[in-house]
Structures are given as structure tokens and as C-alpha cells.
Amino acid sequence: MFVTVVAVLCRLSAASSGSCIEEIVTDSNMTPEMSMMQCAIGAQAPLAKWMGEHPIYRANWRLERYKCVPGHYEIKGHA
């Protein structure tokens, strides 16, 4: 089954409250062995690493939540 990992990221500043976006972090095309169960259980560590390495989201953003979505996912803009 094709699985997409979607992170919901929100700005830390109080002036930007409610300013959250969705970002596709990975999908099973990039990591073919990933299943829904593996995603649900083990996505936190790779997401933390991704945020630390990502030039935009490294600072002033927090991971609000993430979701494992079966199939392809289209970003909806503001989360």
C-alpha cells in the first residue's frame, strides 16, 4: 500500500497563531518498505531529523501533528 507522511507545522510566534501549513515529508515511493503501521509507530524520529535538517522549518516552527495517509496526498494549504 502506498503511504504518504504529512507534517502539520505551525509558526511559533504569537502573532502568527493559527498559521499552520501541511508539508509532505515522505511517501512510500521514497521509502518502499513503509507501511501504515510503521508510519504510525515510527514517524516521530525521522520527522524530528527532517525538521532539524530543513532550512525553512529548522527554527520558529513546531510540529503540531503528523498523519499517515493511504495513497497520494494533495496539500490543502493552511491546515
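This report describes the fold, the disulfides and the salt bridges of a predicted protein model.

## Overall architecture

The protein chain contains two helices and three strands, and these elements follow one another along the sequence in the pattern β-β-α-α-β. Of its 79 residues, 37% count as buried. The accessible surface comes to about 5,000 Å², and carbon and sulfur atoms account for 58% of that area.

The contacts can also be described by how far apart their partners lie in the sequence. Among contacts between residues at least 6 apart in sequence, 68% join residues at least 24 apart.

## Disulfides

Two disulfides are present in the structure, and when the bonded cysteines are numbered in sequence order, their pairing reads 1-2, 3-4.

One of the disulfides is formed by Cys10 and Cys20, whose sulfur atoms are 1.8 Å apart. Cys10 belongs to strand β1 (residues 3-11) and Cys20 to strand β2 (residues 20-27), so this pair ties together parts of the chain that are 10 residues apart in sequence. The link is right-handed, with 105° about the S-S bond, and both Cys10 and Cys20 are buried.

Cys39 and Cys68 form a disulfide as well, with their sulfur atoms 1.9 Å apart. Here the bond ties together a helix and a strand, because Cys39 lies in helix α1 (residues 36-42) and Cys68 in strand β3 (residues 61-70), parts that are 29 residues apart in sequence. The torsion about the S-S bond of Cys39 and Cys68 is about -90°, so this disulfide is left-handed. Both Cys39 and Cys68 are buried.

Three salt bridges are found in a search of the whole structure. One of them pairs Glu22 with Lys67, whose closest N and O atoms are 2.8 Å apart. Since Glu22 is part of strand β2 and Lys67 is part of strand β3, the pair ties together parts that are 45 residues apart in sequence.

Lys67, with a relative accessible area of 30%, is partly exposed.

Lys49 and Glu53 are both exposed.

A salt bridge also joins Glu64 and Arg62, and in this case the closest N and O atoms are 1.9 Å apart. Glu64 has a relative accessible area of 39% and is partly exposed; Arg62 is likewise partly exposed, with a relative accessible area of 37%.

Terms used: Residues are numbered from 1 along each chain as its sequence is written. This is a predicted model: local features need pLDDT of at least 70, side-chain atom pairs count only at pLDDT 80 or more; totals for chains, interfaces and linings use all residues. Side-chain values use heavy atoms; hydrogens and water are left out. Helices (H or I, at least four residues) and strands (E, at least two) are DSSP runs, numbered from the N terminus. Buried means under 20% relative accessible area, exposed over 50%, partly exposed in between (1.4 Å probe, protein chains only). Contact means heavy atoms within 4.5 Å. Accessible areas come from the Shrake-Rupley method with a 1.4 Å probe; for residues, only the protein chains shown count as cover. A disulfide is a pair of cysteine sulfur atoms within 2.5 Å. A salt bridge is a side-chain nitrogen of Lys or Arg within 4 Å of a carboxyl oxygen of Asp or Glu.
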